[in-house]
Amino acid sequence: MDTDALFKLTHGIYILGADDNGRPVGCTVDAVMQVADKPTVIALSCRNTSYTKSVIEQSGRFSLSVLGQDVDPFVVADFGFQSSRTVDKWQEVPHVTENGLPCLQNCLACFFCKVLNQQSFESNTLFVAEVVDGKNMAAGEPLTYFDYRTSFKEKVLKFLPNILNRKENKNG
Ligand SMILES: Cc1cc2nc3c(=O)[nH]c(=O)nc-3n(C[C@H](O)[C@H](O)[C@H](O)COP(=O)(O)O)c2cc1C
């Protein structure tokens with residue numbers, strides 16, 4: 001298979017949030033899509049190495065913040081290139097919390113979801129979840145995975161040295 005062909009399956013970019021017994025955790029994700037509208041159901045795929053994935057497995061709940069094209073690239077780097085095992089990522093970004101689930105203040109929309117079922121693969125776990133609440137936060141164009149790969153990634157990677165040098169990561 002020509003795996004480059006897979007990059008033509010494009011999604012949005014989101015910040016996934018979860019409640020680790022009172023500590024907000026999360027990561028950058030793109031593998032999200034709506035799969036039913038009655039009830040409103042989405043599919044989310046998490047890498048099995050992700051700490052956020054293990055928290056969702058235990059708590060059965062998560063939030064999703066939809067990123068706009070004007071999002072600070074630091075947000076994607078902060079959530080996408082380090083683990084909540086060793087870093088409190090949400091401390092770095094303005095956010096609100098609802099029933100323990102964090103949502104970015106600067107996002108286009110925010111969803112709160114309850115896991116209905118899950119399926120594990122060697123690399124990833126697929127969560128099928130009902131959207132229990134959704135909020136329209138701002139007008140704007142969503143950032144897509146295609147945008148990320150073609151231009152936005154360059155801006156995100158500029159934050160990588162800072163993130164990799166963080167004290168917490170050295171200890172992790
Ligand atoms: C643009 C982008 C898209 C990503 N998409 C996903 C995804 O769909 N699912 C996933 O599990 N990880 C995805 N990741 C990787 C996670 O964000 C990354 O592994 C993160 O460090 C996991 O953090 P955690 O251990 O705190 O959960 C993506 C990263 C980036 C930068």
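How do the residues of the shell around the ligand divide into nonpolar, polar and charged? Eleven are nonpolar, eight polar and three charged, where Ala, Val, Leu, Ile, Met, Phe, Trp, Tyr, Cys and Pro count as nonpolar, Asp, Glu, Lys and Arg as charged, and the others, Gly among them, as polar.

Before selecting anything, note that this is a predicted model, in which local features need pLDDT of at least 70 and side-chain atom pairs count only at pLDDT 80 or more, while totals for chains, interfaces and linings use all residues. Residues are numbered from 1 along each chain as its sequence is written.

**The ligand shell**

Select the ligand together with Ala-31, Thr-52, Gly-80, Ser-83 and Ser-84, which come nearest of the 22 residues around the ligand; a residue is near a molecule if its C-beta atom, placed from the backbone, lies within 6 Å of it. The elements that give two or more residues to this shell are strand 2, strand 4, helix 1 and helix 2 (73–80), and the largest share, four residues, comes from strand 2. Helices (H or I, at least four residues) and strands (E, at least two) are DSSP runs, numbered from the N terminus.

Next, select helix 1, residues 51–59, where Thr-52, Lys-53, Val-55 and Ile-56 are buried. A residue is buried if 20 or more other C-beta atoms lie within 10 Å of its own, exposed if 12 or fewer, and partly exposed in between, with C-beta atoms placed from the backbone. Those four residues of helix 1 cover an arc of only 165 degrees around the axis, which puts them on the same side of the helix; the arc is that of the directions from the helix axis to the C-beta atoms. An α-helix has 3.6 residues a turn, so residues three or four places apart point the same way. To see what covers the buried residues of helix 1, display strand 1 (14–20), strand 2 (23–29), strand 4 (40–47), strand 5 (61–66), strand 8 (109–120) and strand 9 (124–136), which are included in that cover. Helix 1 is followed by Gly-60, whose phi is positive, near 70 degrees.

Move on to helix 2, which is largely enclosed by the rest of the structure because six of its eight residues are buried.

Select Val-32 in strand 3, which counts as buried with 20 C-beta neighbours inside 10 Å. Leaving aside its neighbours within four places in sequence, Val-32 is in contact with His-11, Gly-12, Tyr-14, Ile-42, Leu-44 and Leu-64, a contact being two residues whose C-beta atoms, placed from the backbone, lie within 7 Å.

Now colour Tyr-14, Ile-15, Leu-16, Phe-62, Leu-64, Leu-67 and Cys-107, the residues with the most contacts inside the largest nonpolar core, which has 37 residues. Such a core is a set of buried Ala, Val, Leu, Ile, Met, Phe, Trp, Tyr and Cys residues joined through C-beta atoms within 7 Å.

**The hairpin and the backbone exceptions**

Turn to strand 6 (95–98) and strand 7 (101–104), which run antiparallel and are joined by four bridges; two strands pair if DSSP finds at least two bridges between them. Thr-97 stands opposite Pro-102 in strand 7. From strand 7, Leu-101 and Cys-103 point one way and Pro-102 and Leu-104 the other way, and all are buried. The two strands form a hairpin with two residues between them, and Asn-99 in the turn has a positive phi of about 50 degrees. Asn-99 is exposed, with 10 other C-beta atoms within 10 Å.

Most residues other than glycine have a negative phi, and most peptide bonds are trans. Compare Asn-21, in the loop between strand 1 and strand 2, which has a positive phi of about 50 degrees although it is not a glycine and counts as exposed with 9 C-beta neighbours inside 10 Å. Finish at the peptide bond from Lys-38 to Pro-39, which is cis, with omega near -5 degrees; Pro-39 has its place in the loop between strand 3 (32–37) and strand 4.
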